[in-house]
Amino acid sequence: MSTLSYAVHDSMTMLRRNIKHALRYPGVSLGASMMPIMMLLLFVYAFGDSIGSGMGGGRDAYLNYLTPGIIIMGVAAGSMSTSIAVCTDMTEGIINRFRTMNITRSSFMTGHVVGSVLTTMVSLVLVVGVALAIGFRPDANPLEWLAAAGLLTAIAFAVTWLSCALGLISKTVESASNKPLLVQFLPFLGSAFVPAESMSPGLRWFAEYQPFTPMTETLRGLLSGSEIGNDGWVSLAWCAGIALVGYVWSRSLFNSNTKR
């Protein structure tokens, strides 16, 4: 077997390990979807009429506007489980056992990242299901749904690599659960809940240039069947940049933490 074949085989082994953990503790794996679902229900039924009227529509129109932002929030919320899982493995001794085994070093992180992306995508199915149940009606065709799924996978991949690095710099599981909070909070400061044009000048500037706003607008355009302009390319560029930073940072931290 070639070096690449060994790396793929070891990564698949680590992936199976993480999937088994996710199936054993579904509350932890799918719990990240609970917060987006609660926010969806809260904003639609408590504030939907007033916000929707201010945007020139009603509750149903606001639901269609809000749901893409909630889905993006679900991706960000999934980052916490990755950070916790990585920190747990690094602090509870299992990594020392891996060091004595003939496995590819990168397979540890790859297994965590791919496993987390898969569980995040499953969680998003629950979020979309709840949104459809309460009246969300997208106008996307099958190709646009496929593009939306690809975009969400790219965002999840990028955010998960960043969360992997946050887990590696954490000394305790408690700190690992707190560090991704900034990532989870960023969609609030974008166009997820209200248009950026309605914000104050300073907040509007931040909302327009932070990564989650073009991601939200791209997903919103895909699900509504409308034009996305340059937001799609901007979103992919952000995903590539975040993933690269997260990967390089994670690899550097992992190598320094596992030196013999």
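A helix here is a DSSP run of H or I of at least four residues, and helices are numbered from the N terminus. In this predicted model, Glu-174 lies in helix H9 under that definition. Ser-177 belongs to H9 as well, the helix that spans residues 173–178.

The two residues have contrasting surroundings. Glu-174 counts as exposed because its relative accessibility is 54%, and the cut-off for exposed is over 50%. Ser-177 has a relative accessible area of 19% and is therefore buried, as buried means under 20%. Leaving aside residues up to four places away in sequence, Ser-177 touches Met-80 and Ile-84. As for Glu-174, its C-alpha atom is separated by 27 Å from that of Leu-126, and the two residues are 48 apart along the chain.

Helix H3 covers residues 34–54 and has a kink of about 75°, centred on Gly-48. Gly-48 is also one of the buried residues of H3, which include Pro-36, Ile-37, Met-39, Leu-40, Phe-43, Val-44 and Gly-52. Helix H4 (59–77) and helix H7 (107–133) are among the elements that cover the buried residues of H3. After H3 comes Gly-56, with a positive phi near 90°.

The UniProt record, an unreviewed entry, gives the feature "transmembrane region" at residues 22–45, 65–87, 108–134, 146–169, 181–199 and 232–250. Over residues 146–169, the chain is 96% helix and 0% strand, with its end C-alpha atoms 35 Å apart. Over residues 181–199, the chain is 26% helix and 0% strand, and the end C-alpha atoms lie 22 Å apart.

The cysteines remain to be considered. A disulfide is a covalent bond between the sulfur atoms of two cysteines. How many disulfides does a search of the whole structure find? The search finds 0. For Cys-164, the closest cysteine sulfur is that of Cys-87, at 11 Å, which is too far for a bond. For Cys-239, the closest cysteine sulfur is in Cys-164, and the 17 Å between them is likewise too far for a bond. The criterion applied is a pair of sulfur atoms within 2.5 Å. Cys-164 counts as buried because its relative accessibility is 0%, and Cys-239 is buried with a relative accessible area of 4%.

Methods. Residues numbered from 1 in each chain as written. Predicted model: local features only at pLDDT ≥ 70, side-chain atom pairs only at ≥ 80, totals over all residues. Heavy atoms only, no water. Helix = DSSP H or I, 4+ residues; strand = E, 2+ residues; numbered from the N terminus. Buried < 20%, exposed > 50% of the residue type's maximum accessible area, 1.4 Å probe, protein only. Contact = heavy atoms within 4.5 Å. Bend = angle between axes of the 7 residues up to and from the residue. UniProt positions renumbered as here; feature names shortened; annotations may be inferred.
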